[in-house]
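Before reading the points of this note, please take a moment with the sequence and the structure shown here.

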Amino acid sequence: MSTQSPGTDRPRARELLVDGARVSCWESGPPDAEPVLLLHGYPAGHQCWRHQVPPLAARHRVLAPDLLGWGASDRPLHLPFDYDTEVARVGRLLDALGLDSVNLAGHDYGGFLALGFTQAHPARVRRLAVLNSRAHGTFTRHWYAVFSLIGLAGRTPALRPAAMRLPYAALHRRTFAPLVRAGHLDAALLEDYVGWMDTPRGRRWLLHYFGDYRTPPRPELRRRLPEVTCPTAVVWGRADPYLSPALATELAAAVPRAELTMLDDTGHWVMDERPAEVTAALLRLLERTP
């Protein structure tokens with residue numbers, strides 16, 4: 001359902017059904033232009049692309065969903081969230097949007113899904129961008145342990161009651177605090193990202209999600225990197241504490257048509273910290289011939 005007529009600058013909100021659940025999506029730009037699908041990461045929502053959407057929408061139809069389970073979309077406890085299902089769900093999102101193929105950009109978890117989807121469905125991806133994502137690898141040692149423990153709690157009934165009492169929202173607010181202090185992220189937007197984790201249902205869904213999530217690398221993603229033949233942009237903040245810059249250099253070296261943009265003195269949230277450089281890298285990608 002659209003709340004804004006085409007041709008206006010304000011994003012048009014839509015609601016889609018994917019796997020029987022409601023996905024909220026925001027659309028900008030000319031409706032008949034070449035589409036760009038932006039996939040956010042954990043634990044953000046579509047607004048993480050807020051700096052990039054207006055310039056991209058000047059010439060493209062830009063679609064920025066809240067992935068199922070995040071932001072304003074439904075958090076269904078009866079659906080699986082394992083990686084293969086989530087990759088296939090990207091295809092069902094495209095089907096719901098009526099799109100055969102798109103330019104696909106993903107940050108963090110969104111980049112992980114975007115890479116897998118491109119490998120599984122190369123004909124549906126015109127160009128690919130991966131930004132600070134575990135991609136073909138995984139997290140640095142400390143964060144590997146953190147996410148592995150939450151996943152273990154999510155799939156172990158005996159651990160779940162204690163895990164339900166953890167202050168997830170407060171922990172995330174603390175993690176994001178440097179970004180807020182630096183003026184890169186508004187505190188109200190941070191609440192949109194993580195405030196729902198303060199509720200029992202929110203914590204229940206988060207554990208449900210992590211119960212299906214697996215932290216180890218998926219070797220098939222690394223093995224199939226040379227099969228990604230579409231124009232590709234790899235954009236990375238070199239000071240990311242979660243994901244080593246070695247992932248970026250490996251990705252760019254293995255994907256035949258990849259262009260690497262490394263941003264010094266920049267952390268994980270590249271779209272917030274270096275919006276102009278990220279936008280420029282995406283615009284360069286969109287100018288390349290598929």
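The numbered points below go from the whole chain to single residues.

1. Please keep in mind throughout that this is a predicted model, and that the values quoted in the following points are computed from it. In outline, the secondary structure of the protein comes to 12 helices and 8 strands, and along its principal axes the C-alpha trace spans about 55 × 45 × 40 Å.

2. How does the radius of gyration of the protein compare with that of a compact globule? For 290 residues, such a globule would have a radius of gyration near 19 Å, and the protein has 18 Å, which agrees. Of these 290 residues, 54% count as buried, and among contacts between residues at least 6 apart in sequence, 75% join residues at least 24 apart.

3. A colleague checking the cysteines will find that the count comes to 0 disulfides. Cys-48, for instance, is in no disulfide, since the nearest cysteine sulfur, that of Cys-25, is 13 Å away, whereas a disulfide would need the two sulfur atoms within 2.5 Å. Cys-48 is buried, with a relative accessible area of 1%, and Cys-230 also counts as buried, at 10% relative accessibility.

4. Is Ser-28 buried or exposed? This residue is found in strand β2, which covers residues 21–28, and it counts as buried because its relative accessibility is 4%, where the cut-off is under 20%. Leaving aside neighbours within four places in sequence, Ser-28 is in contact with Pro-11 and Arg-12, and also with Val-53, Ala-57, His-60, Arg-61 and Val-62.

5. Asp-108 has a phi near 55°, which is a positive value in a residue other than glycine; it is found in the loop between β5 (102–107) and α3 (109–120), and at 10% relative accessibility Asp-108 counts as buried. Asn-132, likewise not a glycine, has a positive phi of about 35° and is found in the loop between β6 (125–131) and α4 (141–154). With a relative accessible area of 0%, Asn-132 is buried.

6. Which residues does Gly-154 touch, not counting those up to four places away in sequence? They are Arg-160, Leu-207 and Gly-211. Gly-154 itself has its place in helix α4 and counts as buried, at 8% relative accessibility. Gly-154 and Gly-91 are 63 residues apart along the chain, and their C-alpha atoms are separated by 26 Å.

Notes. Residues are numbered from 1 along each chain as its sequence is written. This is a predicted model: local features need pLDDT of at least 70, side-chain atom pairs count only at pLDDT 80 or more; totals for chains, interfaces and linings use all residues. Side-chain values use heavy atoms; hydrogens and water are left out. Helices (H or I, at least four residues) and strands (E, at least two) are DSSP runs, numbered from the N terminus. The radius of gyration is taken over C-alpha atoms; the globule rule is 2.2 Å times the number of residues to the power 0.38. Buried means under 20% relative accessible area, exposed over 50%, partly exposed in between (1.4 Å probe, protein chains only). Contact means heavy atoms within 4.5 Å.
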